[in-house]
Amino acid sequence: MQHAAEQRLWLYLAVLCGCLGGFAVIAQLILLARVVASVVQGDALAAQWPSAVAIVVLLALRSGLTTAQELLAQKASQNLRRQVRAEVFDHWARLGPVRVANHHSAGLAHQWVEQVEALDGYVARFWVQTRLVLLVPVVILALVAWQDWLAAVLLALTAPLIPLFMALVGMGAESLNREQFVAVARLSGHFIDRVRGITTLRLFGATARATEEVSAVAHDYRRRSLRTLRLAFLSSAVLEFFSSVAIAVVAIYIGFGLLGDIPFGPASQLTLFSGLMILLLAPEFFQPLRTLSQFYHDRASALAAAEGLHELLQEPVDAQRLNSVTEPTLQEMGALVRLQGATLDHAGRGRVLGPVNMSVERGQVWVLSGPSGSGKSSLLQLLAGFVGAGEGERRAIPGLMSAWMDQRPLLLQGSIADNLRLIAPQASDEQLHQALMRAGLTEVLDALPQGLQTSLGEGGYGLSGGQAQRLALARIFLSDAPLVLLDEPTASVDAETERALVQGFEALVAEGRSLVIATHHPALMAMGQHHVVLAQGKEVCHG
């Protein structure tokens, strides 16, 4: 609703077009009733051409206003969905990669695409229709009351049945939509996990069982979808029944009134024109209510989606991590980043790091060592600002940028150039070649027939482990980040590749960059000017 309020100009313009279109329909039906009544009562058909032309003009006007209403509402919906996606993306960035990793990538993709798209029906259709239903039927009811107050009473008595039943059905529809969103996220995650593990499944002969599991989850989702559709069709049929019965009651009243069989009320004053006008306006009186009932399922779907998005956006963000980069200036700190008694806690695991004290200055090389699980990666995450300190503090120069490299660099499906330009979108081909040369990949690139345009699979498929590491190093050369964080960068490479990477790291130091390396390898440890040894998350040696 807050985002919808920001689009009120487009939405109220859509409401205005909808109202004008409704009024055009009313005028069209009144003219039609007058033409039919005049012809039946003996007037010449040729004399009705002005009214016939006016009816055609009103029909064209109604069509244009309906199109304008839809376009304006879609404009508001597109703006709103764009804003929501930006808000979700910004929240992911504030959470940082460590917090975001607690969510399945398929679930995040589902929220980003499906749940945001589910807001479209509420904004573009339901929101506008809730305003139209308060205006057009009221005008019709006033016109009917002007001609026959008893017919207006019949319409007014039956009208509340539609929104009442619509609300009752909507409660169940919202619950079903909420379950469906959960089911499709589960199905997406289940399928992606099986695809990622297809090699392991084949090695253990478990592909048939995995196929059956995916089929079972898909069947559950299909069953839930059919339940939602069944409820939608059933509710629409019942609402159509109520409106049809109400129109039939009005038609019976008008018929007997014109025959003179109703001796009470204003029935004796009915004329052919007034009777036709009321009978033609009765369906239009219920049409906005029926349309609203159809769009009520859009509301239920949007509420279920909004609940999931709201839950994500309410996930707490580490305020210290966000504020820490704005407190001190470089002159006050004399360092890029400083930890003072900093600790790190994870939900369900308690304290995983700290307290730690270290101050990384420009051009320094720090080495972190310790057994697996001692907290080296957590310390790198804390230095990068991915997480904030639980106790103590982390301070950094304003706008500090850091580069990250570990033993499994992030490489996406695309060309080598695409992967390099992740960090430097405006880099020229010459700059890319220079970075690859500094990373020791010139010979590999020259051997590739398509050069920079050589396609890679997801995860760097097409390159060896050492080549993938060098490609990640080339990205660091393209960046201007003063702080470079390395998490076991040579753990899975051969001796030749390790020597090449060490030379590249030394070149980074020569540029004046600061390196913090978590490693067990002697060659990297020898680079360190400062050494921190961790055990069970605690600093046991600092030199």
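Into which domains is the chain divided? Domain 1 covers 1-314 and domain 2 covers 330-542, with bounds that come from an automatic or database domain assignment. This is a predicted model, so to speak a computed picture: local features need pLDDT of at least 70, side-chain atom pairs count only at pLDDT 80 or more, and totals for chains, interfaces and linings use all residues. Residues are numbered from 1 along each chain as its sequence is written, and side-chain values use heavy atoms, with hydrogens and water left out.

**View A. Where domain 1 meets domain 2.** The centres of the two domains, taken over C-alpha atoms, sit 53 Å apart. Five residues from domain 1 and four residues from domain 2 make the contact (heavy atoms within 4.5 Å).

**View B. Pro-97, Val-98 and Arg-99 at the interface.** Domain 1 and domain 2 bury about 390 Å² between them, with 62% of that from carbon and sulfur atoms; buried area is the accessible area (1.4 Å probe) that two parts lose on being put together, summed over both. Of the area that domain 1 buries against domain 2, this trio supplies 87%, more than any other three residues.

View C. A search of the whole structure turns up zero disulfides (pairs of cysteine sulfur atoms within 2.5 Å).
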